[in-house]
Amino acid sequence: MNRVAGKVVLITGAARGQGRSHAVHLADEGADIIAFDLCEDIASNEYPLATEADLAETGRLVEKAGRRVVTAKVDVRDRAALRRELDAAVATLGRLDVVVANAGIAPLGNDVPVDGFVDAFDVDFVGVVNTIHSALPHLDAGASIIATGSVAGLVPQTGLNGQQALQGPGGDGYGLAKKMLWTYTNSLALTLGPKSIRVNAIHPTNCNTDMLQSPPMFRTFRPDLENPTAEDAKVTFPFMQAMPTPWVEPEDVSHAVVFLSSDESRFVTGQQLRVDAGAGLKLGV
């Protein structure tokens, strides 16, 4: 307990999934939370995204942990809105110590239009950049920046186990965004190192969220079936990991986020941390 006591943490994509898990775990460890989420669907992305009710529930869970929270409906693609809402939240909570740039989508499928490339890249890379750059004026020595990448986004576009791993224009945009996060976070870590602000990325494997448990992802893992179910996909999910599990849970990633948010990681920067059950080893990344 109290590993991040007194800190204020910004989390994007906080309404559900990994973002909500990070918010709750950080609150349990003493942090106050700024929770942003789009709370709308994106047309090229087949599975439904989080709602305002989901974001309100994240806020309720943070308050249940006894911490302060500011929630706002924000599109990470809109830097002006990000700056406006973040400035207001920092004015309310008094400071900003940690940024968790977590918002992401995966509009997979060969039937996805080229808009899927634009949307995936804009949310998954431009949105991370917008979030971090909006936060920089508020960060001082000892601050921590954490970006959410993906092991799946680091594999070659030619495929996984002989299949095209990230299907369609949205898959191409997702893969490019996640690959660029590696270079971006390393470069920013070098730039901010003299200011004692650390920058790291976390790359999960399959994570048990709505993104994974969705028809486009089921089809990605079972291209041999026309309409695969969750049970069909669960048969092949474990093939990606070296350890015998179909996925990691959001809290498995949250443990790494708490560590990188805390002063325990005060000299950890420029790292590409895989929470992947050995998937990176199997994929050669």
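Reply: Happy to. One term before we start: buried means under 20% relative accessible area, exposed over 50%, and partly exposed in between, with a 1.4 Å probe and protein chains only. Helices (H or I, at least four residues) and strands (E, at least two) are DSSP runs, numbered from the N terminus. This is a predicted model, where local features need pLDDT of at least 70, side-chain atom pairs count only at pLDDT 80 or more, and totals for chains, interfaces and linings use all residues. Residues are numbered from 1 along each chain as its sequence is written, and side-chain values use heavy atoms, with hydrogens and water left out.

Me: Good, so how many residues of strand 2 are buried?

Reply: Six of its six residues are buried, so strand 2 (residues 32-37) is mostly covered.

Me: And which way do they point from strand 2?

Reply: D32, I34 and F36 point one way, while I33, A35 and D37 point the other way, and all are buried. In a regular strand the side chains alternate between the two faces of the sheet.

Me: What joins strand 1 to strand 2?

Reply: Five bridges do, and strand 1 (residues 8-12) and strand 2 run parallel. Two strands pair if DSSP finds at least two bridges between them. Right-handed here means that, with the strands pointing away from the viewer, the path from the first strand over the helix to the second runs clockwise.

Me: What about strand 2 and strand 3, how many bridges there?

Reply: Five bridges again, with strand 2 and strand 3 (residues 69-73) paired in the parallel sense. F36 has A72 as its bridge partner in strand 3. Strand 2, helix 2 (residues 52-64) and strand 3 also make a right-handed β-α-β unit.

Me: Zooming out, what is the strand order in the open sheet?

Reply: The seven strands are in the order 3-2-1-4-5-6-7, and the pairing is parallel. Strand 3 and strand 7 (272-275) stand at the edges with a single partner strand each, so one side of each is left without a neighbour in the sheet. On average, neighbouring strands of this sheet are turned by 15 degrees against each other, direction ignored.

Me: Now the helices. At what angle do helix 1 and helix 2 pack?

Reply: The angle is about 15 degrees, and the axes of helix 1 and helix 2 are 9 Å apart. That makes helix 1 roughly parallel to helix 2. Axes are lines fitted to C-alpha atoms, for helices over the stretch in contact, and angles run from 0 to 180 degrees between N-to-C directions. Angles under 35 degrees count as roughly parallel, over 145 as roughly antiparallel, 65 to 115 as roughly perpendicular and the rest as oblique.

Me: And where do helix 3 and helix 4 fall, roughly parallel or oblique?

Reply: Helix 3 and helix 4 are oblique to each other. The axes of helix 3 (residues 79-93) and helix 4 (residues 115-135) cross at roughly 40 degrees and come within 9 Å.

Me: Switching to rings: how many aromatic pairs are there?

Reply: A search of the whole structure finds five aromatic pairs. In F221 and F237 the ring centres are 4.7 Å apart and the planes are at 70 degrees, so the pair is edge-to-face. This pair links distant parts of the chain, with F221 in helix 6 (residues 215-221) and F237 in the loop between helix 7 (230-236) and helix 8 (250-261), 16 residues apart. Rings of Phe, Tyr and Trp (its six-membered ring) pair if their centres lie within 6.5 Å; planes under 30 degrees apart count as stacked, over 60 as edge-to-face and the rest as tilted.

Me: Are F221 and F237 buried or exposed?

Reply: Both F221 and F237 are buried. Elsewhere, F117, F121, F125 and Y184 form one aromatic cluster.
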